[in-house]
Amino acid sequence: AYRKNVGVPLPYVAAIVKHGSPCGAAFGDNPENVAHDTWGGDPQAAFGGSLVVTFPFTSKIVEALTKANGGKMPFLSAIAAPSFEKGVTEKIGAKSRGTHFISNKALDKIPARPSSLSEIQSVRDYVLEQTAPQFIPEFSKIEYHGPALSKLDSQEIMTDLSLAYAVCGASTSNTVSLVRGGVLIGNAVGQQKRVGSAKLALQLARESGHETKGAVAVSDSYFPFPDGVEALGAGGVRAIYATSGSVRDTQVFARAKELGVGMFTVPDKVGRMFAGH
């Protein structure tokens, strides 16, 4: 999504996953900063999670994570990277802390397109199979409701939305993901009401000391009422990506416009991120 929307390569990405959903993620030009910001997204949630990076895991990455965790290397259940610097696993203390190290050279490349393989889930005595989600939004080309954006604002918003979309699409529904400055600052997953996801995402960001003003948000489906947009707007969110398809779409978009919040949308049948599960 980043490459399509901005036209430049994305050099370094990292994410921390716990209980099936990301709780930390960041991108940038410096791997140490990316690692630092990934842990700093929500350190409490990240504790014991699995870290995946697209760059070599070196002693400098260990130092960055240690700094982000207040001077102590954080506990991670697993670390996956294209390669590991010699001696770094011993430095972390894999045997005493139980961290699993996974080396996979394929991690240094970002796939050009989503996986075409089927997803298979078991439900009691049955097996369900479906095509993996294939849609990636090109934010510069999809429907937009909101104030006019400058070229700089547009680029910043679209790059942040790209990360938020990647996180949100990989999280348990209902989800609202917040990103600011290339860093995941709040990921509210598994909520039964969308306004609850919006409020929880803001709460999680603030609990971890993040500024929410200027952030962007991605919702994995449409807002059935304007209340979710109102909550995000009150938190300073400047742009939202969500699907359309609610009977109250007109009200939702109008309320976002009143609040000065830009909304990028595609039909729910096209862009619903949890793919009808």
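## Helix H10 and its two faces

On one side of helix H10, Thr-250 and Glu-258 are exposed (over 50% relative accessible area with a 1.4 Å probe and protein chains only; buried is under 20%, partly exposed in between). The buried residues of H10, which spans residues 249-259, are Asp-249, Val-252, Phe-253 and Ala-256. These four sit on the same side of H10 because they cover an arc of only 95 degrees around the axis, taking the directions from the helix axis to the C-beta atoms. Helices (H or I, at least four residues) and strands (E, at least two) are DSSP runs numbered from the N terminus.

What packs over that buried side? The cover includes strand E8 (143-145), helix H9 (227-234), strand E12 (239-244) and strand E13 (262-267), where contact means heavy atoms within 4.5 Å. Just after H10, Gly-260 takes a positive phi of about 75 degrees.

## About the model

This is a predicted model, in which local features need pLDDT of at least 70 and side-chain atom pairs count only at pLDDT 80 or more, while totals for chains, interfaces and linings use all residues. Residues are numbered from 1 along each chain as its sequence is written, and side-chain values use heavy atoms, with hydrogens and water left out.

## A hairpin in the open

Strand E6 (residues 118-123) pairs with E7 in the antiparallel sense, over six bridges; pairing takes at least two DSSP bridges between the strands. Gln-121 stands opposite Leu-128 in E7. There are two residues between the strands of this hairpin, and Arg-124 has a positive phi near 55 degrees.

Strand E7 (residues 126-131) lies largely in the open, because zero of its six residues are buried.

## Aromatic pairs

The model has eight aromatic pairs, counting Phe, Tyr and Trp rings (six-membered ring for Trp) whose centres lie within 6.5 Å; planes under 30 degrees apart are stacked, over 60 edge-to-face, and the rest tilted. One of them is the tilted pair of Phe-47 and Phe-75, at 5.6 Å centre to centre with 55 degrees between the planes. Phe-47 lies in the loop between helix H3 (43-46) and strand E3 (50-53), and Phe-75 in the loop between helix H4 (59-68) and strand E4 (78-81), so the pair ties together parts that are 28 residues apart in sequence. Phe-47 is partly exposed, at 47% relative accessibility.

Tyr-165 and Tyr-241 make an edge-to-face pair, 5.7 Å centre to centre and with 85 degrees between the planes. This one links distant parts of the chain: Tyr-165 is in helix H7 (residues 151-169) and Tyr-241 in strand E12, 76 residues apart. Tyr-165 is buried at 11% relative accessibility, and Tyr-241 is buried at 0%.

## Nonpolar cores

The largest nonpolar core has 45 residues, and those with the most contacts inside it are Leu-51, Phe-57, Leu-178, Leu-232, Ile-240 and Met-263. Such a core is a set of buried Ala, Val, Leu, Ile, Met, Phe, Trp, Tyr and Cys residues joined through side-chain atoms within 4.5 Å. Apart from this core lies another, of 21 residues, among them Phe-27, Leu-161, Phe-264 and Met-273.

Leaving out residues up to four places away in sequence, Leu-178 touches a list of residues including Val-183, Ile-185, Leu-202, Val-216, Leu-232 and Val-237.

## Cysteines

How many disulfides are there? The count is zero, with a disulfide taken as a pair of cysteine sulfur atoms within 2.5 Å. The sulfur of Cys-23 is 15 Å from the closest cysteine sulfur, in Cys-168, which is too far for a bond. Cys-23 is buried at 12% relative accessibility, and Cys-168 is buried at 1%.
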